[in-house]
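Please keep the view open as you read.

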Amino acid sequence: MKIDTENATVAGSAIDPHLRKGPRGYPMLPGGYGRSTYYTGAPSPYAIRGEGCRVWDDRGQKLIDANNNFTSLIHGNVHPEIKAAAVEAMSAGSSWGIPNLYEWELAELLLNRLPGLDQVRFTNSGTEAVMSAVRIARASTGRDKVVVTKGGYHGTSDLALVPGGPGYTRGVPQGVIDDVTTVPLNDIEHLTHVVESAPTNYAAIILDLLPNRAGLVSVSEEFARTARDLATKHGIVLIIDEVISLRLGYNGLSGEYGVQPDLLTTGKLIGGGFPVGAVAGLGSLMAEVDPTRSGNLPHGGTFSGNPVSMAAGAAALRLYTEDQVNRLNDLGDSVRQTVSKSIAGLGWEVRGRGSLLRAVPEGADKVAEDIQHRLWWATYRRGLLGSPANLLSLSTPMDDKVGAEIAEGLSAAIADVATAR
Ligand code: PMP
């Protein structure tokens, strides 16, 4: 197949990308998709090319990319410095079976932003980072159970699927489900009761401070602090999952809260657009995966810490200065304000924090998938690309003018959906 990126067409292929059928590609992927998370309720356009904060697709649409591969592309598409770093690393070899020095560079940049944490271990995804963090917590405490918040999303490992509820746990063994206690978000009494009634059962409390699947509602500072205090009191490991939220503060969102995790999981932006995940933590816990110690936990991953992800990630972190973090968060606040004003009375609201935004029907904690998909297509038609669950994330190539375009596109799309019969 030859993809003409200049003209955004697919040539020399038996696929008709518009009909979404043909002997190659589409019928070979379940449902036509390489990832279930792409699904928007109808055959999807295909990305052809990106540049800065724009993406061109095979239907001839030029879109503002506010999906950013599910928030990973903090500097948008093909940032010249990230591209140069990745090409330079790749030119010397794409991965090896001995360590590479780019791992040090990214570790140093990341740990500089997480002053309370000592060491980091890289993985290939956020899913793997959370899996590893939970394993470390279980091994170090000798306990099995973990506490999560209702609706939280922590990737697609067996354990991480449990907070999504029964709809997500087909195929997950009952034993795994039984080891996960789900508490309602921001219900301090419930959290306290769960932990205090069996404190020595719990290895970890896992918190995402701005959980998207739970409706992009912020965890209250009091709830986060209660989790921290309970964990400290009972020797439980507090894992803060910053796979998405790291972008919201120079020291991550936990830094903004002033709540110190024992282990912090992250991913997305720290790979500069390449596959990545990381667990950062206290030295006493990270020692569990130290191969020089006897009885250490197995941790591998053929591509963990590969030089391309590490070099691109280091460039991305270096470019995401404190000024850029603040500028992007301010831009997000201003888009949220503009949209909130223009959709007043339509029964919708725009939630989020800083550079992450999401429109939902007023007061909703769970939005029906068909409504999410209707809004996705309405924004798409207005030239704005969000996630299928309508999460919009900003990137550093966006300026006030692009912010205004996003606000206009999102407001119009919400009006389309709110007034449709
Ligand atoms: N944790 C959180 C909070 C996430 O948002 C995600 C992915 N969106 C993950 C974990 C899993 O990361 P990945 O998709 O890289 O496996």
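1. A word on terms before we start. Buried means under 20% relative accessible area, exposed means over 50%, and partly exposed is in between (1.4 Å probe, protein chains only). Helices (H or I, at least four residues) and strands (E, at least two) are DSSP runs, numbered from the N terminus. This is a predicted model, in which local features need pLDDT of at least 70 and side-chain atom pairs count only at pLDDT 80 or more, while totals for chains, interfaces and linings use all residues. Residues are numbered from 1 along each chain as its sequence is written, and side-chain values use heavy atoms, with hydrogens and water left out.

2. Let us begin with helix H4 (residues 126-141). Its buried residues are Gly126, Thr127, Ala129, Val130, Ser132, Ala133, Val134, Ile136 and Ala137. Just after H4 comes glycine 142, with a positive phi of about 70 degrees.

3. Next, look at helix H12 (residues 322-342), whose 21 residues reach 31 Å from first C-alpha to last, close to the 30 Å expected at 1.5 Å a residue (the expected span is 1.5 Å times one less than the number of residues). Val325, Leu328, Asn329, Leu331, Gly332, Val335, Arg336 and Val339 are the buried residues of H12. They line one face of the helix, because seen down its axis they fall within an arc of 155 degrees (taken from the directions from the helix axis to the C-beta atoms). Asp323, Asp330, Gln337 and Lys341, on the other side of H12, are exposed.

4. What do the buried residues of H12 pack against? Their partners are helix H3 (102-113), strand S13 (348-353), strand S14 (356-361) and H14, where contact means heavy atoms within 4.5 Å.

5. A nonpolar core is a set of buried Ala, Val, Leu, Ile, Met, Phe, Trp, Tyr and Cys residues joined through side-chain atoms within 4.5 Å. The largest one has 47 residues, and Ile270, Met398 and Ile406 touch the most other members. H14 gives the most to this core, with seven residues. The core lies between domain 1 (2-74 + 322-419) and domain 2 (80-319), because both give residues to it; the domain bounds come from an automatic or database domain assignment.

6. Beyond its neighbours within four places in sequence, isoleucine 406 contacts Ile64, Val335, Leu384, Leu392, Leu394 and Met398. A second, separate core has 26 residues, including Tyr202 and Leu356.

7. Finally, alanine 412 sits in helix H14 (residues 400-419). Alanine 412 counts as buried because its relative accessibility is 19%.
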